[in-house]
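Okay, thanks for having me, everyone. Let me put the structure up and then walk you through it piece by piece.

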Amino acid sequence: MLHIIRAALRKFIQLEDTPNSYSGLAGKLFKVNSAETALEASTNTDSEIAEAVNVAANVMEKVAEVEVSSDCDYVEFTGLDGNSAWFYILLATAKNATSSAYDLYLYVNGDTDNTHYYTQQLRANDTSISGTRINRPTVAVLGENEGCLFEVKITKDPNDYFRFFSNVSRFTGSSVEEMIRSGTKTSTITNITSLRIQAQGANAIGAGSKFILFKARRA
Amino acid sequence: MKIKGLRVDVKTGRVEEVFEEISDEEYQKRLEEAKKAEEEMRIREMIERKKQEILERLAREELIKEGRLPEAYK
């Protein structure tokens with residue numbers, strides 16, 4: 001008798017308390033339904049997975065990380081959803097592989113036109129503090145062959161403007177400097193779908209530069 | 001002119017090297033912009049340093065005049 005049943009039910013989907021088909025469920029996990037009577041496909045949302053593995057759904061989540069293996073012009077994160085994440089935080093340590101000083105820009109949604117952005121900066125070099133506003137989205141300035149550490153907080157504000165502020169530590173030893181910047185885009189956006197850190201000069205993001213992007217909210 | 005980038009798809013975690021074509025004119029414009037920005041920063045820094053020096057000198061002179069700082073600090 002048992003072998004007859006086994007022969008009849010060789011597949012998971014033939015059971016009574018499971019889906020009848022795998023159609024449309026590629027990549028999905030299964031979970032016990034709320035009535036605790038059967039298995040159903042999970043929607044794989046962050047909060048659902050967080051609940052299943054018993055971690056808080058409201059922790060900051062690492063979205064991606066990348067270490068530059070050979071000098072390049074830019075690092076771009078795609079597939080983002082700023083409307084869901086609310087805020088992104090980028091941690092970076094970058095090295096200028098060239099013998100000229102270059103800005104690092106932050107572009108959103110593929111818009112690489114500098115004139116579409118403004119940045120206000122404060123620079124502290126010992127007791128000398130200077131400020132300026134520039135018509136480009138500079139988040140850091142890399143001295144020639146220098147390294148730096150910076151973080152950038154990024155959002156789309158309630159009026160739909162792209163905003164960021166960055167904090168940079170540059171130069172070394174007795175020359176160490178602090179730079180703070182606040183930037184926006186000149187027109188509104190509907191979402192943040194991609195972010196690009198681009199050097200002003202060719203191949204100025206050197207091998208060994210590291211970037212980690214976090215999102216502040218799990219939807 | 002081709003510029004090289006690293007594209008990270010956060011949905012799949014895939015990192016790929018990509019190349020983007022920009023015109024020579026655009027590239028030259030960027031280089032000039034970089035030079036101009038560096039020069040602007042250098043000049044701003046020089047002005048700020050001079051402002052600091054002048055303020056420091058004036059502050060010392062005033063304090064000496066008020067008798068709160070010895071002449072030796074001039």
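Before we look at the sheets, one term: when I say two strands pair, I mean that DSSP finds at least two bridges between them. And keep in mind that this is a predicted model.

So, with that in hand, start with chain A. Eight of its strands form an open sheet, and the order across it is 3-14-5-10-11-12-7-8, with antiparallel pairing. Who is at the edges? Strand 3 and strand 8 of chain A each have a single partner strand, so one side of each is left without a neighbour in the sheet. From one strand to the next, the twist averages 10 degrees.

Let's step through part of that sheet. Strand 14, residues 210-215, runs antiparallel to strand 5 of chain A, and six bridges join the two. If you want a landmark there, A:Leu91 has A:Ile212 in strand 14 as its bridge partner. Moving along, strand 5, residues 87-95, pairs with strand 10 of chain A over nine bridges, antiparallel again. Here A:Leu90 stands opposite A:Val152 of strand 10. Then strand 10 goes on to strand 11, residues 161-170, with nine bridges and an antiparallel run. On that side, A:Lys156 has A:Phe162 in strand 11 as its bridge partner.

Strand 10 and strand 11 of chain A make a hairpin with four residues between the strands, and in it A:Asp160 takes a positive phi near 75 degrees.

While we're on strand 10, which residues sit on its covered face? Those are A:Cys148, A:Phe150, A:Val152, A:Ile154 and A:Lys156. The uncovered face has A:Gly147, A:Leu149, A:Glu151, A:Lys153 and A:Thr155.

A:Val108 has A:Leu195 in strand 13 as its bridge partner.

Let's zoom out to the whole contact between the chains. How many residues does each chain give? Chain A gives 25 and chain B gives 22. On the chain A side, strands 3, 4, 6 and 8 each give two or more residues. The largest share, five residues, comes from strand 4 of chain A. By class, the chain A side has twelve nonpolar, ten polar and three charged residues. Chain B also brings a helix to chain A: helix 1 of chain B, residues 24-65, lies across strand 7 and strand 8 of chain A, at about 145 degrees to strand 8.

Next, the inside. The largest nonpolar core has 43 residues, and among those with the most contacts inside it are A:Leu104, A:Leu106, A:Val139 and A:Leu195. Strand 6 of chain A, residues 102-108, gives the largest share of this core, six residues. Take A:Val139 as an example: its contacts beyond four places in sequence include A:Leu104, A:Leu106, A:Phe150 and A:Val152.

Strand 6 of chain A also holds A:Asp103. Is A:Asp103 buried or exposed? The cut-off for buried is 20 or more other C-beta atoms within 10 Å, and A:Asp103 counts as buried because it has 25 such neighbours. Beyond its sequence neighbours, A:Asp103 is in contact with residues of both chains, including A:Arg136, A:Gln200, B:Ala34 and B:Ala37.

To finish, the overall picture of chain A. Its secondary structure comes to three helices and 14 strands. The chain is divided into domain 1, residues 2-44, and domain 2, residues 61-215, and 47 Å separate the centres of the two. Of its 219 residues, 30% count as buried.

Definitions and conventions: Residues are numbered from 1 along each chain as its sequence is written. Chains are lettered from A and ligands numbered from 1 in the order in which they are written. This is a predicted model: local features need pLDDT of at least 70, side-chain atom pairs count only at pLDDT 80 or more; totals for chains, interfaces and linings use all residues. A nonpolar core is a set of buried Ala, Val, Leu, Ile, Met, Phe, Trp, Tyr and Cys residues joined through C-beta atoms within 7 Å. A residue is buried if 20 or more other C-beta atoms lie within 10 Å of its own, exposed if 12 or fewer, and partly exposed in between; C-beta atoms are placed from the backbone. Two residues are in contact if their C-beta atoms, placed from the backbone, lie within 7 Å. Ala, Val, Leu, Ile, Met, Phe, Trp, Tyr, Cys and Pro count as nonpolar, Asp, Glu, Lys and Arg as charged, and the others, Gly among them, as polar. Domain bounds come from an automatic or database domain assignment. Axes are lines fitted to C-alpha atoms, for helices over the stretch in contact, and angles run from 0 to 180 degrees between N-to-C directions.
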